[in-house]
Each structure stands twice: as structure tokens, then as C-alpha cells.
Amino acid sequence: MYFVNGRWNDVCCDIPLPSICEYQGGFEQLLREESPLLTITVKNQKKYGNPCSKGFEYWMGECYWINLSEKNYFDASNDCHEKGGHLVSIVSHEQDRWLKEYVRHYGLLRKNLWIGMNDISKEGDLVWLNGNEVNYKHFANGQPSNGQDENCVILWGDANGQWDDQPCHAKFRSICKWTESIGKYLGVNLSVIYIICIFLKS
Ligand SMILES: [Ca+2]
Ligand SMILES: [Ca+2]
């Protein structure tokens with residue numbers, strides 16, 4: 001199966017390729033087991049390579065970067081744009097869980113980090129900067145409070161990474177996310193497969 005589009009192809013059986021196994025017990029059980037998703041990701045990256053540029057983490061087709069410079073929401077957002085992405089959107093429990101492990105891995109779980117949600121345009125109307133639908137939220141108890149004109153959202157260190165709205169001019173670290181153009185990476189791999197096939201059949 002081509003990673004880039006999910007379509008199938010018959011190729012030589014003796015070509016070394018990554019494979020997909022079915023995990024009985026379901027994803028929820030996998031999450032409850034000892035190995036955190038980060039370990040699985042890192043293990044897979046060691047085995048199959050990381051299509052993101054050096055220094056960026058890869059998960060489920062997207063690259064992640066923690067910006068350690070403490071900046072206001074807008075400057076942090078600009079830093080992400082320079083990398084071709086946005087402040088991170090979090091759209092599922094699984095991604096939220098992985099992101100927490102990612103942040104913990106860098107010793108930042110107790111720090112505040114900007115994410116891509118805000119209600120700048122209209123109070124209470126929360127949106128993601130990258131246009132993702134807001135179908136998942138994980139605010140701490142009592143949040144969002146809009147306490148002091150708070151229109152931008154963080155992973156709140158004091159709440160173990162649950163979310164909190166803060167004034168956008170506050171300065172925190174931040175997390176960016178973008179979809180890496182992996183066509184080139186896969187193109188090389190597929191070319192190698194094609195050449196090996198031709199060689200074996202000749
Ligand atoms: Ca607000
Ligand atoms: Ca708040």
C-alpha cells in the first residue's frame with residue numbers, strides 16, 4: 001500500500017518494506033498500556049525514518065516543533081508560519097495524549113505553551129488558526145474564563161497540560177504543526193523499490 005495515497009500495488013515479495021499489523025484489543029487498550037505513544041513513534045521513526053526535517057517530531061503524517069522562545073501569541077504564530085505551518089491544532093483525544101507525551105519528553109509538561117486556538121474574532125467563538133473544526137476541547141475546570149480579556153489558548157502547565165485561555169500578549173513557549181511534503185521522501189523510496197524490482201526480474 002502506498003503511504004502517500006493508500007492505493008495498492010503488487011511488488012516483489014522479497015523487498016524489505018515496513019508492514020501493518022492488527023492490534024487486538026483496540027486503540028484505547030494500547031493507550032492504557034505501559035509504552036506511551038511517544039515510545040511507539042520514536043521506535044517507528046528509528047525503524048522507518050522520520051520524514052520531518054531534523055529536530056522535528058513526526059506523528060500521524062504531521063511534523064511538530066516546540067518553540068522554546070517565549071513570545072506573545074502573534075509572534076509565536078509568525079514563527080510557525082515561517083516553517084509553513086500554524087500553532088498546533090488538537091483535534092482528537094489520541095493526538096492530545098500523544099502531544100502530552102511529546103511535551104513531557106522535553107521536560108515541559110509543567111510549562112505553559114501556546115496552541116492554535118483563539119476567540120479573537122468573537123468572544124466565546126473558539127477557532128483553530130489552521131481552519132480545523134473545533135470538535136474536541138480539553139479545557140481545565142473553570143476554563144475558558146475570559147478572565148482578563150483572555151482570547152488565546154495554552155496548554156496550562158499548572159493543570160497538567162489541560163487548556164486555559166490567556167491574554168494574547170502574554171509570552172509563552174509554543175508548539176507548531178505542519179504537514180511535511182513527504183512526496184519527495186516517498187518518491188525516493190518508491191524509486192528504489194522500482195529499481196530493485198527491475199533488477200530482481202532481470
Ligand atoms: Ca475570550
Ligand atoms: Ca483563563
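Asn146 lies in the loop between β5 and β6, where strands (E, at least two residues) and helices (H or I, at least four residues) are DSSP runs, numbered from the N terminus. The structure is a predicted model, in which local features need pLDDT of at least 70 and side-chain atom pairs count only at pLDDT 80 or more, while totals for chains, interfaces and linings use all residues. Residues are numbered from 1 along each chain as its sequence is written, and chains are lettered from A and ligands numbered from 1 in the order of writing.

The backbone of Asn146 has a positive phi of about 50 degrees, although Asn146 is not a glycine. Asn146 counts as partly exposed because 13 C-beta neighbours lie inside 10 Å; a residue is buried with 20 or more other C-beta atoms within 10 Å of its own, exposed with 12 or fewer and partly exposed in between, the C-beta atoms being placed from the backbone. The loop between β5 (127–128) and β6 (152–155) also contains Pro144. The peptide bond that leads from Gln143 to Pro144 is cis, and its omega is near -5 degrees.

A positive phi occurs in Asn160 as well, a residue other than glycine, with a value near 55 degrees. Asn160 is placed in the loop between β6 and β7 (163–166). With 12 C-beta neighbours inside 10 Å, Asn160 is classed as exposed.

Strand β6 is covered on both of its faces. Cys152 and Ile154 are buried on one side, and Val153 and Leu155 are buried on the other. Strand β4 (residues 113–118) runs antiparallel to β6 and is joined to it by three bridges; two strands pair if DSSP finds at least two bridges between them. Within this pairing, Leu113 has Leu155 of β6 as its bridge partner. Strands β6 and β7 are likewise antiparallel, with four bridges joining them. Here Cys152 stands opposite Gln166 of β7.

In helix α3, the buried residues are Tyr73, Ala76, Ser77 and Cys80. Seen down the axis of α3, these buried residues fall within an arc of 100 degrees, so they line one face of the helix; the arc is that of the directions from the helix axis to the C-beta atoms. Phe74, Asn78 and Glu82 are exposed on the other side of α3. The buried residues of α3 pack against β2 (62–71), β3, β4, β6 and β8 (172–178), a contact being two residues whose C-beta atoms, placed from the backbone, lie within 7 Å.

Gly84 is exposed, because 12 other C-beta atoms are found within 10 Å. In sequence, Gly84 and Trp178 are separated by 94 residues, yet in space their C-alpha atoms are 6.5 Å apart.

A further pair involves Leu99, which is located in helix α4 (residues 93–105). Leu99 is buried, as shown by the 23 other C-beta atoms within 10 Å. Leu99 and Trp59 are 40 residues apart along the chain, and the separation of their C-alpha atoms is 9.3 Å.
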